[in-house]
Amino acid sequence: MVGNIEVMRGNNVYANGSVHHHNGNEEKLDELRRLLGKADGDLVRIVGVGAGAWGSVFAALLQDSYGQYREKVQIRIWRRPGRAVDRKTAEHLFEVINSREDVLRRLIRRCAYLKYVEGRLGDRTLYADEILRDGFCLNMIDTPLCPLKVVTNLQEAVWDADIVINGLPSTETREVFEEISKYWKERLTVPIIISLAKGIEAALDPVPHIVTPTQMINRATRVPMENILYLGGPNIASEIYNKEYANARICGADKWRKPLAKFLRQPHFIVWDNSDLVTHEVMGGLKNVYAIGAGMVAALTNESATSKSVYFAHCTSEMIFITHLLAEYPEKLAGPLLADTYVTLLKGRNAWYGQMLAKGELNLDMGDSITGKGMIQGVSAVGAFYQLLSQSSLSISHPGEAKPVAPVELCPILKTLYKILISREQQAEAILQALRDENLNDPRDRIEIAQSHDFYRPSLLGQP
């Protein structure tokens, strides 16, 4: 159970109330300190940038594991100040607090309970950075975290950080790291950056290619790519914090990925490592595209298992087709991609968003940043993938018509999602029509086409 502030070093009860075993955490921290060249008394400074659900949980996991070693490490998280908590959320937060005796006792002991009473009554405005200090992420109110050290001044947060965790949406990564670069101009050491962002941008010059968050960070800060890594699922943030068994994969250059995988690994959170950074990062964005459609199908068919399985067959065949354009050895991505897609379709925010759109409880005019959920990254990814795969310079031979076509013409689900979400030519119901089109090829045929042709386009990932 999480939420209790009891700190009993001898009994291994830490900041969130969970009973921990040491699991060699201090030894792992000491090993990382040695790799970073830290002298005695010199803290390893870790800061999370961005406080969405995954960014907050990631910081809380580190705080739970290493926060007790205050003379060796400092763990903080940055978020923008001034975001007010609306009355409805404040009321729900109060219910969560009172339903959890451990959380209630913690707040009373910290003399912090009264402000939540006042927030519930409407006598006080609560702010997102304020409640995060008490362990409540605005995008994940139902899962209390351990208290966190929150910084609202970006320069203060990052200027001397050894490890920076990018918990920002991909749509905000470039802007924030361009600002961060101003504070790093006179740095003598090079920071390590771990990006959690799942999303892409499309660029068309000089040739069509994908720009990922790690590439945005590299270009904004000039931190070398060997010091920038990507960590992806499959996982759901709230379940990881509640100690559900989970896997993750950290991708990047040899220099840091294995030491960081070891540092991040916990009994319930197994971290693998892989050298293929950009492709895994792109796949993390691709599954969000199809998760939105899965949510629409679920809502429109009253959770029909048959309809959802038909959709799954078609969307996975499109994803496999796209991976053959992006990867020289796409078969290596099948397991991680399908696993991440599966969990996102089951319980991710993108699938939830598709459901709410189809039910009419949300509309596109509300934007893709949703209160209580955060940024719906799949929306911008739909636009980016469609734009890229529509380029005539990437044309391939259409199997039925014996003529060159843009790759997107063999991806009817992606085309339909674009028409629903971006150009707004169609309503959510069009996703069912795409499935029921009598001219749609067997999903297996699309996979066979990809496997039997030389589709690989290294230029899409910025490679020669």
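A: A cavity here is a set of points on a 1 Å grid over the protein atoms alone where a 1.4 Å probe fits but cannot get out; grid points are joined across faces, edges and corners, and the volume is the space filled by probe spheres set on the points. The model is predicted: local features need pLDDT of at least 70, side-chain atom pairs count only at pLDDT 80 or more, and totals for chains, interfaces and linings use all residues. Residues are numbered from 1 along each chain as its sequence is written, and side-chain values use heavy atoms, with hydrogens and water left out.

The lining, meaning residues with an atom within 4 Å of a point, consists of Phe58, Leu61, Leu62, Ser65, Tyr66, Phe263, Leu264, Gln266 and Phe269. Helices are DSSP runs of H or I with at least four residues, strands are runs of E with at least two, and both are numbered from the N terminus. By class, the lining has 7 nonpolar, 2 polar and no charged residues. Ala, Val, Leu, Ile, Met, Phe, Trp, Tyr, Cys and Pro count as nonpolar, Asp, Glu, Lys and Arg as charged, and the others, Gly among them, as polar.

In the whole structure, the search finds 3 cavities of 30 Å³ or more. The protein chain itself has 19 helices and 14 strands.

How values were computed: 1 Å grid on protein atoms, 1.4 Å probe; cavity = no way out; pocket = protein on both sides within 12 Å on 5 of 7 lines; lining within 4 Å.
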